[in-house]
Amino acid sequence: TGGPIVLGIESTCDETAAAIVQGGTLRSNVVASSMDEHARYGGVIPEIASRAHAQAFVPVVSKALADAGLEVSDVDAIAVSAGPGLAGCLAVGVSGAKALGWAAGKPVYGVNHVIGHVAVTQLQFGALPANTMALIVSGGHTSLLHVEDIARHVDVVGTTLDDAAGECFDKVARLLGFPYPGGPHIDRHAQRGDSHAIHVPQGLTQGRAGKQHPYDFSFSGVKTAVARWIEERKAAGEPIPVDDVCASLAASVADVLAKKAMRGCAQYDADTLIVGGGFSANSQLRQALLTAGEEHGVDVRLPRIALCTDNGAMVAMLGSNLVQAGITPSSTDFPIDSAMP
Ligand code: KG4
Ligand code: ZN
C-alpha cells in the first residue's frame, strides 16, 4: 500500500481512539471507551470523560502505532479532532497530539470530527464522488451536509435546532426504564412493535414557521409528545405498550431523516448519500434509507457499525485527505473549538 501514513486521534466525547491510515487503507484502529463509567449517571459526565482520556491517551496511541508495526517517526502526519465536542475532552487529545507532533517533528492537523464521519466511509466504499450528500447522526449531532470536496469544501445544509436524534431516543428510553444509552434498546423493542400504534409527530418536516429551514431537524417536540402520551397512560392506570411506543418513535424519526436526506440529494443533484455517526446503527433508519435510496435512485453508503461510531480511523482518513490535497496545517497552535460548526 502506498500513500501518506497518518495517525488519527479522537477524544471529543467518551471514546479515546487512535488509528493509522495509509492511503485508503486502515492499518490499525484502537478504541477505548469510558461509557461504563457514565452509564450509572444516565449521561456522559465531562469531568470523568476528560480524566479517562488523560489515562488512555498514551496506551491507545502506542497500541495504534504498535499494531501497525510503526514508530511515531514513521508517520507523515498526525490528525486530531479539534471540535465539536466536550472542551475538557478535546483539550486532552489536542494537547497530546501537539506534544507528539512537536517531539517527532510531524505536522499536526486539527480537524472537524463531523467531517471525519464522512471521510471514514472511504475505507469501506472507496473515494467519494465529487458531489455527495452526507447524513451524520449520533447522540451529539444530526447534520445534513453537502460535500463538494472533503478536504476543502463542506456545506451544512441542515442541522438539529435542539436535540440530536440519538439524544431523543436516549431520553425516551429513560422514561421507559432502559439503561443509558437507551437507543439500542428502543431499536430492539421497535422490531416487535406496531409503528402505527401511537401518533408521534414528525420532527419539523417543513422548517420553522415563516422561515426557510427546510432541511433542519427538531426532535425535542417528538420526545415531549411521547413523554406526554406515556404520562397520560400512567395517570389513567393503563399499561404502557413499550414495543409499540418504540416502534412508533423509531418510524417517525427514521422517516423524517430519510425524507430530508433524499430531498437534499434531489436539491443538490447528488446521487450518493454517505451515512455515519453512532445513530446510523439504528435498524429502522438503515431500512428507511435503503428503501428511500432505491426509490430515488440514490446510492446509500451505510458503513459497518465499527466505522459509524466514534473512532480514530475517521480522523486519520480525513487527515489523509488533507495531506493528499496538498494542504498544510494552518498553524501549529490551533485552538480547540467545542462548538465547531
Ligand atoms: O456516535 P455515538 O457513538 O456517540 C456520540 O457521539 O453521540 O452515538 C451514540 C448514540 C446514542 O445516543 C445511542 O443511544 C445511539 O447513538 N444509538 C442508537 C443505536 N445505537 C446507538 N440509537 C438507536 N438505535 C441504535 N441501534
Ligand atoms: Zn461522532
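Figure 1. Angles of 65 to 115 degrees count as roughly perpendicular, under 35 as roughly parallel, over 145 as roughly antiparallel, and the rest as oblique. Axes here are lines fitted to C-alpha atoms, for helices over the stretch in contact, and the angles run from 0 to 180 degrees between N-to-C directions. Helices (H or I, at least four residues) and strands (E, at least two) are DSSP runs, numbered from the N terminus. On the α7 side you'll find Ile186, Asp187, His189 and Ala190, meeting Val242, Asp243, Cys246, Ala247, Leu249 and Ala250 of α9. Being in contact takes C-beta atoms, placed from the backbone, within 7 Å. This α7 and α9 contact splits into 7 nonpolar, 1 polar and 2 charged residues. Ala, Val, Leu, Ile, Met, Phe, Trp, Tyr, Cys and Pro count as nonpolar, Asp, Glu, Lys and Arg as charged, and the others, Gly among them, as polar.

**Figure 2. Helices α6 and α8 run roughly parallel to each other.** Now look at α6 with helix α8 (residues 220-235): they pack at an angle of about 10°, with their axes 9 Å apart. Cys168, Lys171, Val172 and Leu175 of α6 touch Val222, Lys223, Val226, Ala227 and Ile230 of α8. Sorted by class, this contact has 7 nonpolar, no polar and 2 charged residues.

**Figure 3. The shell around ligand 1.** How many residues surround ligand 1? There are 21, and the closest are Ser138, Gly139, Gly166, Gly183 and Gly278. The elements giving two or more residues to this shell are α6 (165-175) and α7 (183-190). By class, the shell has 7 nonpolar, 10 polar and 4 charged residues. A residue gets into the shell if its C-beta atom, placed from the backbone, lies within 6 Å of the molecule.

**Figure 4. Two cis peptide bonds.** Most peptide bonds are trans, so these are worth a look. From glycine 83 to proline 84, the bond is cis, with omega near -10°; proline 84 sits in the loop between β4 (77-83) and α3 (87-104). Tyrosine 180 to proline 181 is another cis bond, also with omega near -10°, and proline 181 is in the loop between α6 and α7.

**Figure 5. Glutamine 267 and aspartate 269.** Glutamine 267 belongs to helix α9, while aspartate 269 is in the loop between α9 and β9 (272-276). Are they exposed or partly exposed? Glutamine 267 has 13 C-beta neighbours inside 10 Å, so it counts as partly exposed; aspartate 269 has 8, so it counts as exposed. The cut-offs, with C-beta atoms placed from the backbone, are 20 or more others within 10 Å for buried, 12 or fewer for exposed, and in between for partly exposed. Aspartate 269 also has a positive phi, near 55°, although it isn't glycine.

**Notes on numbering and confidence.** Residues are numbered from 1 along each chain as its sequence is written, and chains are lettered from A and ligands numbered from 1 in the order in which they are written. Because the model is predicted, local features need pLDDT of at least 70 and side-chain atom pairs count only at pLDDT 80 or more, while totals for chains, interfaces and linings use all residues.

Conventions: Contact = placed C-beta atoms within 7 Å.
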